[in-house]
Amino acid sequence: MHRSTSLLFLVGVGVAGCHEDTTRYATSHSAIMGDGCGPTLATPVGVDQYLPGSYANRRFLSPANHLGEDIRLTEGTPVAAIGEGRIVAYRAAAGYGELVVAIEHDFGEELAFPNGLGGLVNTQYVLSIYGHLRKSELRGGTQLSWQVGQTVLAGEIIGYVNDDAHNGDGAEHLHLGMRLMSAAAAQAADPVAWFRGYDTNRGVWRSQFA
């Protein structure tokens, strides 16, 4: 089974917090480290590089149909899984270029995530989506050998930022999205583009993304 080198500079980012009521909530990538009340995810690149919206000012719902955060990075930058999970997509795709990676994270319990309509979605599963990558640090170099169905750990390299000629959309950057459901549920609801980066039916797909 393939194991890539882990990114040692990753710093955990809290995604669940404790409140006075019994609901367990998830928060955005805003606070460094968790508070011990829930699962902790990491940044996909070093915290000094993690600048959501730093590519073309594209953040979640800015522009209004954009379902993720775009982070400007140099070609060949290693990108890591933000948490342990099962790889459910690892292939080329329209709009994402030579490689898009989707990982299903199972938190073991339902958490309440704020969605793109300002409401809450209760889910045990989240899909993290990483777009505009390739399998090797240098073009033509040794490729990662991840396959669908394999388990990846937080901090393990899953791809590298691709060049603008092959990444499917503009200059070098990482697109990071979070769909609030399992892979099976996403495929059932949205079979054509279940790891989508844009909301082509505003008010429907944005309700399923954090």
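Leucine 61 counts as partly exposed because its relative accessibility is 22%, and partly exposed residues fall between the limits of under 20% for buried and over 50% for exposed. The model described here is predicted. Leucine 61 is placed in the loop between β2 and β3. Its phi is positive, at about 65°, although leucine 61 is not a glycine.

Most residues other than glycine have a negative phi, and most peptide bonds are trans. The loop between β2 (40-42) and β3 (69-72) also holds proline 63. The peptide bond from serine 62 to proline 63 is cis, with omega near 5°.

A positive phi of about 75° is found at histidine 132, which is not a glycine either. Histidine 132 belongs to strand β7, which covers residues 120-134. With 3% relative accessibility, histidine 132 counts as buried, because buried means under 20% relative accessible area.

| Residue | Relative accessibility | Class |
|---|---|---|
| Leucine 61 | 22% | partly exposed |
| Histidine 132 | 3% | buried |
| Threonine 123 | 7% | buried |

Threonine 123 also lies in strand β7, and its relative accessible area of 7% makes it buried. Which residues are in contact with threonine 123, leaving aside its neighbours within four places in sequence? They are Glu109, Glu110, Leu111, Phe113, Leu180 and Met181. Alanine 112 is 11 residues apart from threonine 123 along the chain, and the C-alpha atoms of the two are separated by 6.6 Å. Within strand β7, the side chain of threonine 123 reaches the backbone oxygen of tyrosine 125 at 2.6 Å.

Methods. Residues numbered from 1 in each chain as written. Predicted model: local features only at pLDDT ≥ 70, side-chain atom pairs only at ≥ 80, totals over all residues. Heavy atoms only, no water. Helix = DSSP H or I, 4+ residues; strand = E, 2+ residues; numbered from the N terminus. Buried < 20%, exposed > 50% of the residue type's maximum accessible area, 1.4 Å probe, protein only. Contact = heavy atoms within 4.5 Å. Polar contact = N/O pair within 3.5 Å; in protein donor to acceptor, adjacent residues only side chain to side chain.
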